[in-house]
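User: Hello! I am new to this structure and would like to be walked through it. Could we go step by step?

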Amino acid sequence: MQITQFFRRHPMEIILIVMFIFLVFAAPGFATVNNQLNVLRNITMQGIIAFGMTMIIVSGEIDLSIGSGVAFSGCVTAWITRELVDVTGPFFAITMGALTAMAILFGIGVLTGKLRQHFNMPTFITTLGLLTVLSGAANLITDGFPITSFPYEFNFLGSGYLFGIPFPVYIFITLFALVYFLMNYTSFGRSLYAVGGNLEAARLSGIDVWKTKTLALGLTGVFTAIAGVLIASQILSGSASAARGWELDVISAVIIGGTSLFGGKGTVRGTLIGVLFLGVIVNGMTLMNVSEYWQYVVRGGLIIGAVWMNHALDRKVKA
Amino acid sequence: MSAIVETQGLTKVYGNVVALDKFTHRFEKSRIHALMGKNGSGKSTLVNVLAGVVQPTSGQMSLNGKDMHFSSPADALNANVVTVHQELSLVPELSVAENIYLGRMPKSHFLGISKIDWTSARTKTKILLEDMKLEIGPDAIISSLSVGQQQTVEIAKAMSFNPSLLLLDEPTSALASKEVEMLFRLLRRLRKQGTTMMYISHRMSELAEIADTVTVLRDGKHIGTVEMAETTNSDIVDMMFGNVAHNRPAERVSQADPNNAILKVQGLSRKPAYEDVSFELFKGEVLGIAGMLGAGRTEVLRSIFGADPFDSGEIIVDGQKIKDPDPQYMTEIGLGYTPENRKEVGLVQAHSIHNNLSMASLRQNAPLGIITKAAERPGVIKQVDNLHIKIDSAEDPVSSLSGGNQQKVVFGNWMNTNPKIMFFDEPSRGVDVQAKQQIFKIIWDQAEKGLSSIFVSTELEEMLEVCDRILIMREGRMIGELDPSQTTLTELYTACMEGL
Ligand SMILES: Nc1ncnc2c1ncn2[C@@H]1O[C@H](COP(=O)(O)OP(=O)(O)OP(=O)(O)O)[C@@H](O)[C@H]1O
Ligand SMILES: [Mg+2]
């Protein structure tokens, strides 16, 4: 009885563990420390954004622009570095670049929220437009060629190790903890759920519904910029073609983690599981030499399966 | 007399809760059967089972002597078992006609292509509404109607199915006397035509007027059935609550301080909803606003609270002029508003009872923006106890509560903010007689501690009982004021209907 209860409450965890065990035996090289660290590093960038995306989706909105946002922030950082590095030295130049990228994406998130508030523009539409706008902007900045203005030391951020663990993992964990705290222990987090669950009821309860949504969009902008800087560090350049198509991976991870696209329901803990799940499965399939096309099919099927399962179990738990 | 519906050991279990417990009874044909019981006693569950909305856990039912298995509400409708549910279920964006004929719009055929016949839909709706003497047009959009008007549309929709068994789950909870009378005329006519009805209400006064038999449930069990002609209200109450001490309406002296107008409204207008509304609310006062459906009471309250805009006029709270009220600011300075339509705007249905009871007090409980469940729990426990909210666990979704218990959550959510001024819009809608007294008592106790409140109810008896002073609103205007202690029910009714 208790075991079935546990299974119903945490289905994705259990499937993740089962799959993990399966891959340990089936996928050559899966169980090595190096490979596991590799998986971790691969999931951090998208994971960071997925944490922010959880807040947005719970609040009843969506952000489709993050793929371009990542590329754009990498390019902005690289461009500012190139312009400033001779004057100020690399450290200050890169810092300025990264902060600028964060500020711009925060601003764009806020703007998206304001458009939603004052002109009733669905974020689905605004951010779909932004996906193209930001991609264009990134290409304008780079003129179509990656900007390779970074000194080699900058590579540490995205590819380096600290105490044997990839550096981005620390950022990943920190931001997870931050979002976890925000969503569970702050009035902002509680408002996210209320606003996504019933906008009018939240408004009539004196909750600042627009500030809540706008802040979620803005914060995710900052997270997107952080991921962009990390990617730029990994590839040591600002490239307009980085992170193409990420929006679907990120949203998939959030949904696999049990967050409802209708808003009001979901946890960042679930998203963490969703992110790990996708990371492990992609890695496992690659090690097993599954063709890339099949990987797409499997991942797509997983999303559908996960949503169906969450829905079915939800009804079981209620009945 | 022959039975139309017979149930044998009908049981419905939700998780740990036995909502309906071996309910066995015969309902006779062509009669009006009242179902009574306190909040959460299983009345709606019985109706939902009969209407095919939920499946019984065990037990049998038969309709006209034949086994009855409804696997969906559509099955029930096909058998002419029609339900008016406790919570409204109209599509807010659609018109009255579209709602009534939802999914079965009349069609016309042209060159073999079938298309919706709007003229016929509109005409049929019009006839239906006129037959019920309703002053609503077939093209009115549902969301523009008051909750009471929506309820009448819901009833009209039920009529359009030609019910042979009609299940009415608190059809009058949002109706004023005029509409109630209209409904009763309709029900009597249906009874004459052979329709059987089950009728749920918490308004005792309606029973004598409309019910033939009364069936009482407690904790999901069938306690007993009596002929209305052979029983008294107090017998019914005894059956409903068992042998517990009853709350009697307390003697009360007004706490209003006529020298301290905590809220002043001057010349407030938003055409066409209301016009030139002026009044004062004194500290410690319970001020009623009475009027018919559509008189503009809710609209005025919503504007003052900042939920809707207004065109012109002044709002002064505690001597301070409020420029552009919005709910967030008004909540901050100590106002509160319990909306009349709990399902749509009062609650987040999918969220827990705990969260719904802590929503309005969120910022108070989190002065630095940081909140824990533990910080909120005292408020949750307090309201569950004070209001006798029947719950299994505070972590259950609020949607699992019975209608009356959900209403108590709306009330409790606001009492947790320790408000200075409260607007209660139908606070007792769907709440049982005892819990109602409890709510009134809380309003009075708080008044003694300085709470000033505005009280709106379609039940005029209630207004006379609760309020210190009653303003009369008619067609969007304040037309005068009455002293409840000097006013009879008939006088109040006439004032609302025809003016002073
Ligand atoms: N979907 C559900 N999930 C869990 N529990 C439920 C659900 N629906 C009803 N219940 C429980 O079943 C019991 C009976 O509820 P029901 O709605 O039938 O009461 P009621 O007599 O109609 O009350 P009210 O007068 O407040 O409308 C309650 O304890 C309620 O919490
Ligand atoms: Mg009910």
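Analyst: Here is a short tour in questions and answers. This is a predicted model, in which local features need pLDDT of at least 70, side-chain atom pairs count only at pLDDT 80 or more, and totals for chains, interfaces and linings use all residues. Residues are numbered from 1 along each chain as its sequence is written, chains are lettered from A and ligands numbered from 1 in the order in which they are written, and side-chain values use heavy atoms, with hydrogens and water left out.

User: Which residues coordinate the magnesium ion (ligand 2)?

Analyst: Donors are N, O and S atoms within 2.8 Å of the metal (3.2 Å for Na, K and Ca); water is not among the atoms, so sites may look incomplete. Here the coordinating distances run from 1.9 to 2.2 Å, and the atoms are OG and OE1, from B:Ser44 and B:Gln86.

User: How many residues apart in sequence are the parts that B:Ser44 and B:Gln86 tie together?

Analyst: Helices (H or I, at least four residues) and strands (E, at least two) are DSSP runs, numbered from the N terminus. B:Ser44 lies in helix 1 (residues 43-50) of chain B, while B:Gln86 sits in the loop between strand 6 (81-84) and helix 3 (96-100) of chain B, so the pair ties together parts whose separation is 42 residues.

User: Is B:Gln86 buried or exposed?

Analyst: Buried means under 20% relative accessible area, exposed over 50%, and partly exposed in between (1.4 Å probe, protein chains only). The relative accessibility of B:Gln86 is 9%, so B:Gln86 counts as buried.

User: How many residues of helix 1 of chain B are buried?

Analyst: The buried residues are B:Lys43, B:Thr45, B:Leu46, B:Val47, B:Asn48, B:Val49 and B:Leu50. Helix 1 of chain B is therefore largely enclosed by the rest of the structure, and the count of buried residues is seven of the eight.

User: What area do chain B and chain A bury between them?

Analyst: Buried area is the accessible area (1.4 Å probe) that two parts lose on being put together, summed over both. The contact, meaning heavy atoms within 4.5 Å, takes 30 residues from chain B and 22 residues from chain A. Carbon and sulfur atoms hold 58% of the buried area, which comes to about 2000 Å².

User: Where does B:Glu227 lie, given its salt bridge with B:Arg31?

Analyst: The two side chains meet at 2.9 Å, N to O. The pair links distant parts of the chain, 196 residues apart: B:Arg31 is in the loop between strand 2 (17-28) and strand 3 (32-36) of chain B, and B:Glu227 is in strand 12 (residues 221-227) of chain B.

User: Are B:Glu462 and B:Lys436 buried or exposed?

Analyst: These residues form a salt bridge, with the closest N and O atoms 3.3 Å apart. B:Glu462 lies in helix 17 (residues 460-466) of chain B and B:Lys436 in helix 16 (residues 433-448) of chain B, so the pair ties together parts 26 residues apart in sequence. Both B:Glu462 and B:Lys436 are buried.

User: Which residue's backbone oxygen does the side chain of B:Thr487 reach?

Analyst: B:Thr487 is in the loop between strand 22 (477-482) and helix 18 (489-498) of chain B. At 12% relative accessibility, B:Thr487 counts as buried. Its side chain comes to 2.6 Å from the backbone oxygen of B:Asp483.

User: How far apart in space are A:Leu134 and A:Ser68, C-alpha to C-alpha?

Analyst: A:Leu134 is found in helix 6 (residues 123-142) of chain A, and with a relative accessible area of 4% A:Leu134 is buried. Not counting residues up to four places away in sequence, A:Leu134 touches several residues, including A:Phe72 and A:Ile108. A:Leu134 and A:Ser68 are 66 residues apart in sequence, and their distance in space is 5.4 Å.

How values were computed
A polar contact is a pair of N or O atoms within 3.5 Å; within protein, one must be able to donate a hydrogen and the other to accept it, and residues adjacent in sequence count only if both atoms are side-chain atoms. A salt bridge is a side-chain nitrogen of Lys or Arg within 4 Å of a carboxyl oxygen of Asp or Glu.
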